[in-house]
Amino acid sequence: MDKVNQLKIKEGMKVSELIEQFDNSGVLGSGRVARASNILCNMIKDEEMNVFMSLGGPLIPGGMRNIVTNMVREGHVDLIISSGANITHDMLEAFGGNHYRDEGRDDEDLNAEGIGRIADINVGSDDFEIFESEIIKIFEDISSQKPKISIQELLYEVGLRIEDENSFLATAARMKTPIFAPGLIDSMFGLQLWMFSQDHDFTVDAVADMHYLSDIVFNSKKIGGVLLGGGLTKHYTLASTLLIGGLDSAIQITLDRPEAGSLSGAPLQEAKSWSKAKCESTLETVIGDVTVIFPLIYADVLDKL
């Protein structure tokens, strides 16, 4: 048996050296982080593998925007499945808005000042008003050309109309990296889309996405998954590969636990029983905060590539 090596920390260590120490230890959380990093590195290096990434939870307002955008720009991810909220908050920043650190103020006081809170992140209603006015202009332009459109096509067209190099939506459109958002209506983007459709001939067809997504899946020699957070985006990523027997490789980072039986907390090994991950697939689940763990993993991977 391999022994557990004690961690050696030194002044001026690089992130990749720290993860190497995690790998040498090989157990508990540090071992899982190291294995996840190695899996991600191998997925990106494998030219036959398409990497699908799911974005659940408040990752964009939580500081992950530039990381996601860089992964798209560098070709380290081939397809994104996002919550509507992360798309909304990406666009809010693209239109000049910001996310702010909460100062521990009373929520009723925040409400009176038009400020919404996401954990310890604040967002002002003024920025959402700009978002609303800008997205309506984009909807008007798109609907005049394509009155019926799929969600993926809509996000592509929206991305083409955003001028912000830090936007993952804009970068994905220019790189032709498809973005899917099965729960798009459950967001401020979705609310504005519904309101716009009340007096415009504009139909968004969610089922149409499945044709395009299934073509990508069946034309992929291998599929890897980077599942950040849980919920609908995680399941949509897993389920998209069901008809080919599941993912070939995947990592998952989540704060949810498995005891309650929720998909968000389910270990990736469970996906094998549903053929959403192949029986011979390489998988690793890390329990922890995505905004802490994934930047460490990706920094390590960049040093290895």
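Predicted model: local features only at pLDDT ≥ 70, side-chain atom pairs only at ≥ 80, totals over all residues.

Visitor: What's the phi of Lys176 near?

Guide: Phi of Lys176 is near 55 degrees. That is a positive value in a residue other than glycine.

Visitor: Is Lys176 buried or exposed?

Guide: Exposed, with a relative accessible area of 61% for Lys176. The cut-off for exposed is over 50%.

Visitor: And Ala119, where's that?

Guide: Ala119 sits in the loop between strand 4 and strand 5. Its phi is near 55 degrees, again positive in a residue other than glycine. Ala119 is exposed, at 57% relative accessible area.

Visitor: How many residues lie between the strands in that hairpin?

Guide: Two residues lie between strand 4 and strand 5 in the hairpin.

Visitor: OK, the strands themselves. How many bridges join strand 4 to strand 5?

Guide: Four bridges, and the two strands run antiparallel. Strand 4 covers residues 115-118. Within this pairing, Arg117 stands opposite Asn122 in strand 5.

Visitor: What about strand 3 and strand 5, how many bridges there?

Guide: Two bridges join strand 3 (residues 100-101) to strand 5, also antiparallel. Here Arg101 stands opposite Ile121 in strand 5.

Visitor: Which residues of strand 5 are on which side?

Guide: Ile121 and Val123 are on one side of strand 5, residues 121-124. Asn122 and Gly124 are on the other.

Visitor: Which ones?

Guide: Ile151, Gln152, Leu154, Leu155, Glu157, Val158 and Gly159.

Visitor: Last one: Asp300. Which helix is it in?

Guide: Asp300 is in helix 12, residues 290-304.

Visitor: Is Asp300 buried or exposed?

Guide: Buried, with a relative accessible area of 0% for Asp300.

Visitor: What is Asp300 in contact with?

Guide: Leaving aside neighbours within four places in sequence, Asp300 is in contact with Val15, Ser16, Ile19 and Ser37.

Note on methods. Residues numbered from 1 in each chain as written. Heavy atoms only, no water. Buried < 20%, exposed > 50% of the residue type's maximum accessible area, 1.4 Å probe, protein only. Pairing = 2+ DSSP bridges. Contact = heavy atoms within 4.5 Å.
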